[in-house]
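Dear colleague,

Please find below the structure for your review, followed by a summary of what was found in it.

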Amino acid sequence: MHVIGGTASTALAERVSRELGNAPFGIPFTKRFPDEEMYVRVGGRLEGEDVVVVQSTRTDSDLLELFLLEDAVREAGARRTFVVVPYFGYARQDRRFFPGEPVSARTLCRHVELDADAVVTVDLHSSQTLTQFTKPAYEASGIPAIARLLHEKPLDVLVSPDKGGVDRVRRMSQLLDKPWFALEKRRLDSEHVELAMPPTLPIPIEGAHATIVDDVISTGGTIVEAAKLLKKRGAIGISAACTHGLFLKDAFERIKAVVADVYSTDTLGNPAEKASVAPDIAQILERLVTA
Ligand code: R5P
């Protein structure tokens, strides 16, 4: 099996190749033509091989690069192409909220799978999106990677910032054997949220080390408000953990001002990237190859 790391996921792709027993790893050559069109070229002997392309699609340019890489790998004669999209962009628009809108997540699934034999992603906004693929599609979780990291940290209670994250925080709580609760969240606009404590708590929060667990940290608004609320209630060591750390604008600095630590997986490059999902992705790929 060969692993190719697109420009958005080079480091993670290399970790995946190591997890696959040092599978041959390559970085494609990329450049822009004078008119800004993208050019990619993959190297190595791919004919008859199983090839893994790893590329998060945070920007539209990442997405285009992924499409070109998939085509390049097929042209190079790969036997099968497994496409790994650690951060699957556009996944949040997974339904039509207002008339005239697209179901962007579905559009992306259709196009990403076009030149793929199977797709692997990590913590989709909603796992339901997997049903939009017509080819085999698998979702790894960032929770075990974060749990491996939190295992060594002081921790009394896990907190989900909203009800939508209950399955996630419950899974983390099982892995770490710690109690959890979910805050009540109301989104005011794309950058502001209002949070409230639930009516009952599993342990007293006063003096507790609390870790807020979310799937995505984007503007940081959710984590900042959650941390302020927990602090007001007497929590002493507050940290934040997420699978996908987008950290838009000054989000990282704003979060660091209110929490002791921030942890993210490596689905996206960011200053909080401390846990790797490479073993979890490799496990799925190994199953796919032997299937
Ligand atoms: C919401 O459904 C997600 O789970 C995150 O809570 C949200 O995307 C975080 O966004 P932000 O960092 O902008 O508050």
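In this predicted model, helix α2 (residues 60-75) packs with helix α3 (residues 104-112), their axes lying 11 Å apart at an angle of about 25 degrees. Because angles under 35 degrees count as roughly parallel, α2 is roughly parallel to α3. On the α2 side the contact involves Leu63, Leu66, Phe67 and Glu70, which meet Leu108, His111 and Val112 of α3. Sorted by class, this contact comprises five nonpolar residues, one polar and one charged.

Strand β3 (residues 29-32) and β4 run antiparallel and are joined by four bridges; Thr30, for example, has Val40 in β4 as its bridge partner. Five residues lie between the strands of this hairpin, where Glu36 adopts a positive phi near 80 degrees.

Finally, I would draw your attention to Val120, which belongs to strand β7 (residues 118-122). Val120 has a relative accessible area of 0% and is therefore buried. Apart from its neighbours within four places in sequence, Val120 contacts Val83, Val84, Val85, Tyr138, Ile284, Leu285 and Leu288. Between Val120 and Asp50 there are 14 Å in space, C-alpha to C-alpha, and a separation of 70 residues in sequence.

Yours sincerely

Conventions
Residues are numbered from 1 along each chain as its sequence is written. This is a predicted model: local features need pLDDT of at least 70, side-chain atom pairs count only at pLDDT 80 or more; totals for chains, interfaces and linings use all residues. Side-chain values use heavy atoms; hydrogens and water are left out. Helices (H or I, at least four residues) and strands (E, at least two) are DSSP runs, numbered from the N terminus. Buried means under 20% relative accessible area, exposed over 50%, partly exposed in between (1.4 Å probe, protein chains only). Contact means heavy atoms within 4.5 Å. Two strands pair if DSSP finds at least two bridges between them. Axes are lines fitted to C-alpha atoms, for helices over the stretch in contact, and angles run from 0 to 180 degrees between N-to-C directions. Angles under 35 degrees count as roughly parallel, over 145 as roughly antiparallel, 65 to 115 as roughly perpendicular and the rest as oblique. Ala, Val, Leu, Ile, Met, Phe, Trp, Tyr, Cys and Pro count as nonpolar, Asp, Glu, Lys and Arg as charged, and the others, Gly among them, as polar.
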